[in-house]
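Thanks for coming, everyone. I'll keep this brisk. Please have the structure open while I talk.

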Protein chains: 2
Amino acid sequence: MTSSQPKSLPRPKKKKPKRRGRPHRSEGGVKARGRLLDAAERLFADRGFYGVTTRQVATMAGADDALIYYHFKNKWGLFNAVFERRARVLITARHDSLNAYVSSSGVKLSAHGAIAAFINPMIELSQNGDLGWKSYFALVAQIDNTPWGGEIIHRVFDTSVHELIEILQRALPGIPKRELYWAYNFLAGSMMLALSETERVDRLSDGLCRAKDLDEVRTRLVNYCAGGFLAMVTEERLAGRA
Amino acid sequence: MTSSQPKSLPRPKKKKPKRRGRPHRSEGGVKARGRLLDAAERLFADRGFYGVTTRQVATMAGADDALIYYHFKNKWGLFNAVFERRARVLITARHDSLNAYVSSSGVKLSAHGAIAAFINPMIELSQNGDLGWKSYFALVAQIDNTPWGGEIIHRVFDTSVHELIEILQRALPGIPKRELYWAYNFLAGSMMLALSETERVDRLSDGLCRAKDLDEVRTRLVNYCAGGFLAMVTEERLAGRA
DNA sequence: GTCTATAACTGGATAGAC
DNA sequence: GTCTATCCAGTTATAGAC
């Protein structure tokens, strides 16, 4: 719009030679593309999409800025790539865990068992997977509480959630599906806050609880959520009696 | 660092006269400061701190950019002012609600009642307060799931949460305090996701549930959370028996 | 208290050499 | 696939007129 300036000025001066060092071909066998994803994952988890610049990502990755645009087209492309990279692994792990639970328990399914089978793979990945998983969960938690995040969460995770809902419906046959969706939504809020390992609970409890102790979290979270689901069954039975 | 360029170029050209119109003295009786807070609240809720520019805030407020720096010192000052403005009201409403519950129910306190007294004021404000409350809750939900948000949430809300914990401890005398902190943390995750009115559950349930229907949310959320707390009591009793 | 103007710098993105 | 050099719109923030 305000393009009233001369297009081609005759280059004012010589620039300084910038950084001189070995070209970061591949570092520890990992290529620039992977390093960029790792760096972006960490930074996006810390400060969100808008709080991170492509230059910060490139710097942390020890790669050149321009490589982001070569590999991922633009900043959103990078973000989506980060988001989807681990989703496959997580969804597969969940699917296997739910299947194993169903076939092991035969006909007598419980809400507690189904919820444990759904949540445990995430805890497991956070505890025993590479460190990137912690950033990843923090990122998902952050995006999940965003008005614009619904789109990408829906696209990536909802089919996986429906597997849980199916099993819960068999475990709690009296309860309408919409009650299960509501309860799942509450579960999702608790689960993502717990997995993000925000140290809210540490400060609140003055150190009595430590958010990073996932062994403490696992049993409590599953118990709490199962109790929540069962409370909705009770409520449904009471309402149905009227 | 790269300040090797000439310091004072001789101003290239005349600038265009920008916007010409009535000076937005006060609009509907509200002064610029308040309009800036309202606009910032909405925009920060939509896109987070880094996703919003001071210019966007000023434009939406119909005020001048420079007023932000006059009234709030800088962008973070604006953010904190937004965050703290409604906190007083909310904390007072909660305090009154909890007190009313305790004095009305005499000695027989219940987890269900305490949780309802804690959550209801927020639902009430979201339904019957001015529209800014919806933005505000969406903003708090977003900040709560952020690594850097713990600081401000702690400063603003934790004393209020301790009031709830006190009552819960009287309602559930058998349960150690740290279990209450864990359970509250799960409650907080569900509550903030519900109040942010993200339409996650709408898509997941294909329209069966509507996040914006807070009448549906209120009873279910309270039931669910109360069920979760009671499940932790049960678990505690079982563990104590070993 | 509000507006104009501008300083000083950073943002995402691209062209083209190697 | 990777790096250099650059574009330029847009960023926070300030000085000073009104």
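A word of caution before anything else. This is a predicted model. Everything I quote is computed from it.

Start with chain A. What is it built from, helices or strands? It has 11 helices and 0 strands. Walk along the sequence and you read α-α-α-α-α-α-α-α-α-α-α. Chain A has 242 residues, and 50% of them are buried. Now look at the contacts in chain A between residues at least 6 apart in sequence. Of these, 67% join residues at least 24 apart.

Next, the two chains. How are they related? In general, two copies of a chain are related by a rotation about an axis and a shift along it. Here the rotation that superposes chain A on chain B is 180°, and the shift along its axis is 0.0 Å. The RMSD of that superposition is 0.0 Å. That is the relation of a two-fold axis. The interface fits the picture. Of the interface residues of chain A, 98% are also interface residues in chain B, so the copies meet through the same surface.

Now the core. The largest nonpolar core holds 166 residues. Which residues have the most contacts inside it? They are Phe83(A) and Phe83(B). Take Phe83(A) and leave out residues up to four places away in sequence. Its partners include Tyr136(A), Leu139(A), Val140(A) and Ile143(A). It also touches Ile152(A), Ile153(A), Val156(A) and Phe157(A).

On to empty space. Rolling a probe the size of a water molecule over the atoms shows where such space is left. How many cavities of 30 Å³ or more are there? The count comes to 4. The largest cavity has a volume of about 200 Å³. Its lining has 20 residues. Nearest its centre lie Arg47(A), Gly48(A), Gln142(A), Gly48(B) and Gln142(B). So which elements give two or more residues to this lining? From chain A, helix 1 (32-47) and helix 7 (132-144); from chain B, helix 6 (132-144). Helix 7 of chain A gives the largest share, 3 residues. By class, the lining of the largest cavity has 10 nonpolar, 8 polar and 2 charged residues.

Now some single residues. First, Trp148(A). You'll find it in the loop between helix 7 and helix 8 of chain A. Its relative accessible area is 26%, which makes Trp148(A) partly exposed. What does it touch, neighbours within four places in sequence aside? In chain A, Trp148(A) is in contact with Phe49(A), Tyr50(A), Trp76(A), Phe79(A) and Ile143(A). From chain B, it is in contact with Asp46(B) and Arg47(B). Note Ile143(A): Phe83(A) touches that residue too.

Second, Ser160(A). It sits in helix 8 (residues 150-171) of chain A. Buried or exposed? At 2% relative accessibility, Ser160(A) is buried. Away from its sequence neighbours, Ser160(A) touches Ile91(A), Arg94(A) and Phe118(A).

Third, Gln127(A). This one belongs to helix 6 (residues 111-128) of chain A. Gln127(A) is partly exposed, at 31% relative accessible area. Beyond four places in sequence, its contacts are Leu214(A), Asp215(A) and Arg218(A). Gln127(A) and Asp213(A) are 86 residues apart along the chain, and their C-alpha atoms are separated by 9.5 Å.

Last, a backbone point. Most residues other than glycine have a negative phi. Lys73(A) has a positive one, near 75°. Lys73(B) has a positive phi as well, near 75°. Where are they? Lys73(A) is in the loop between helix 3 (65-72) and helix 4 (75-85) of chain A. Lys73(B) is in the loop between helix 3 (65-72) and helix 4 (75-105) of chain B. Lys73(A) is exposed, with a relative accessible area of 67%. Lys73(B) counts as exposed too, at 66%.

That's my tour. Over to you for questions.

Note on methods: Residues numbered from 1 in each chain as written. Chains lettered and ligands numbered in written order. Predicted model: local features only at pLDDT ≥ 70, side-chain atom pairs only at ≥ 80, totals over all residues. Heavy atoms only, no water. Core = buried A, V, L, I, M, F, W, Y, C linked by side-chain atoms within 4.5 Å. Buried < 20%, exposed > 50% of the residue type's maximum accessible area, 1.4 Å probe, protein only. Contact = heavy atoms within 4.5 Å. 1 Å grid on protein atoms, 1.4 Å probe; cavity = no way out; pocket = protein on both sides within 12 Å on 5 of 7 lines; lining within 4 Å. Points joined across faces, edges and corners; volume = space filled by probe spheres on them. Helix = DSSP H or I, 4+ residues; strand = E, 2+ residues; numbered from the N terminus. Nonpolar A, V, L, I, M, F, W, Y, C, P; charged D, E, K, R; others polar. Least-squares fit on C-alpha atoms with pLDDT ≥ 70 in both.
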